[in-house]
Amino acid sequence: MNNEHVFPENFLWGGALAANQVEGAWNQGGKGLSVADVAVYKKDVDVKDYAAHAAITSASVEQAMQDPSDTHYPKRRGIDFYHRYAEDIALFAEMGFKALRISIAWSRLFPTGEEQEANEEGVQFYIRVFEELKKHHIEPIVTLSHYEMPLALSLKYNGWVERTVIDHFVRFSRVCFERFKPYVKYWLTFNEIDSIFRHPFTTAGIIPDRCPENQQQTIYQALHHQFVASALVTRDCHDIIPGSQVGCMLTKLTTYPHTCHPQDVEKTLIKNLMNLFYSDVQVFGEYPALVQKQWQKESIHIEMQPHDLDILKAHTVDFISFSYYMSLTESASDGMEMAAGNTILGVKNPYLPSTDWGWQIDPVGLKVSLLELYDRYKKPLMIVENGMGAKDEVVDGKIHDPYRIDYFKAHFEQMKAAVALGVDLIGYTSWGPIDLVSAGTSQMSKRYGFIYVDQDDEGHGTLERIRKDSFYWYQDIIKTNGASL
Ligand code: BGP
């Protein structure tokens, strides 16, 4: 097979953004407060202490609502994509992007989440973005829910805990399908839907001190509402936009057993199955027996309407999208040295190097993930987040980032190997093609981009964009469809 055609001819090379991490303009254009707008930058908290970074209380939300500034809230300023989207999209086009993943900030269209009509200024902003993408022949891949729930729904209903939020999300999604139908074919419902247990407020607007009792039950109930909502909007997308493709989105937390001891293997298998459970529900349209048995064992009772399970079964997704940054390791033994990961810790893998944030770099793990997902689901796959956060340095106006090129080169080689083994991989969007605000720590200094943004963790800087060395490397990868690897 000729090397040039290892990636499919129309492979969707590109990058991925999230509204709450790039747009800024948190209180402009009619936008309401979202859960991201109350995320405080905690300068002195260890970047591996995810629980501390994600921690939220009714008091901290109240305090944030009283603060009219963005000083302590980097996600309120993002990288000013709201005003600079045309310049940034031109840079993505210069790299040759075929696709750009963005999210629609729910509270930009529905400030409190309960309005019956959409905020037209918000709709018009996204139409301007889609027009700009269309001008450059860049295919949008749109996430409906990417950690941007209207704060008002969190305060009134404790987020997705109340079933009524399904209706508000369905109304928001229908407006997106109807108004953005001319531009968007690829849709993702919930970003990293599995993250609800890792950070329930970011993912589902749940403030823990509002439900101190049996939180496991509460979160599973909220998750059920998200699964039903995901199925309903999959139905509506297919009805409103013929030919549309809807994907689920999973944090692929590929985990290895620390040793071949059967107990390590068994514990690791359960961990991997509990990660895949989220995509199982959205691909197979039913709850796996493993989870139902866990509910019985732990007396978890999920409130369901009579047709909920029929809805899940009837409206499953067309493709599976996922994020992959690093792999994890699991052990049945106690007292093991731990390593960091994407809002999760694992046992340290002695065979793998780590990023400055402790995430263990494992390109082979991406190939393992692709083979596993394709074997399980036999549906097209899309990698919609991958990359490494690093401390870049500007030297004489340049950013030399060979470490980032090495990371991507190694991961692309594994993607190529997976495709050569028959995996139906339809696209790849790197996470953060332009430096942006970190989801987990609200840092700017954790840089992912091929494009540098002159802004520090405290929001100081000119916001100037600078092409890094990796900008030109990725441009060549896209131009040759991977042949230059
Ligand atoms: C994922 C989110 C992305 C992105 C990524 C990197 O969980 O879907 O929004 O932020 O994590 O994580 P971080 O930004 O914390 O480095």
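The largest pocket of this predicted model has a volume of about 570 Å³. Pockets were located on a 1 Å grid over the protein atoms alone, as open sets of points where a 1.4 Å probe fits, with protein on both sides within 12 Å along at least five of seven lines. Grid points are joined across faces, edges and corners, and the volume is the space filled by probe spheres set on the points. Local features need pLDDT of at least 70 and side-chain atom pairs count only at pLDDT 80 or more, whereas totals for chains, interfaces and linings use all residues. Residues are numbered from 1 along each chain as its sequence is written, and side-chain values use heavy atoms, with hydrogens and water left out.

The lining of the largest pocket (residues with an atom within 4 Å of a point) comprises 36 residues, and K75, S438, A439, G440 and T441 lie nearest the centre. Helices here are DSSP runs of H or I with at least four residues, numbered from the N terminus. Both α2 (50-54) and α9 (200-204) supply at least two lining residues each, and the largest share, four residues, comes from α2. The lining divides into 17 nonpolar, 13 polar and six charged residues; Ala, Val, Leu, Ile, Met, Phe, Trp, Tyr, Cys and Pro count as nonpolar, Asp, Glu, Lys and Arg as charged, and the others, Gly among them, as polar.

The ligand sits in the largest pocket, in that more than half of its atoms lie within 2 Å of the grid points. Around the ligand are 15 residues, of which Q21, E192, A439, K446 and Y448 come nearest; a residue is included if one of its heavy atoms lies within 4 Å. This shell holds six nonpolar, six polar and three charged residues. The distance is 2.7 Å for K446, 3.2 Å for N342 and 3.2 Å for S438. The ligand taken alone exposes 370 Å², of which the protein buries 98%, with accessible areas from the Shrake-Rupley method and a 1.4 Å probe.

The second largest pocket has a volume of about 430 Å³. Its lining consists of 14 residues, with F197, K271, M274, N275 and Y278 closest to the centre. Two or more lining residues come from each of α10 (215-240) and α11 (262-284), and α11 gives the most, with five. By class, seven residues of this lining are nonpolar, four polar and three charged.

Conventions. Polar contact = N/O pair within 3.5 Å; in protein donor to acceptor, adjacent residues only side chain to side chain.
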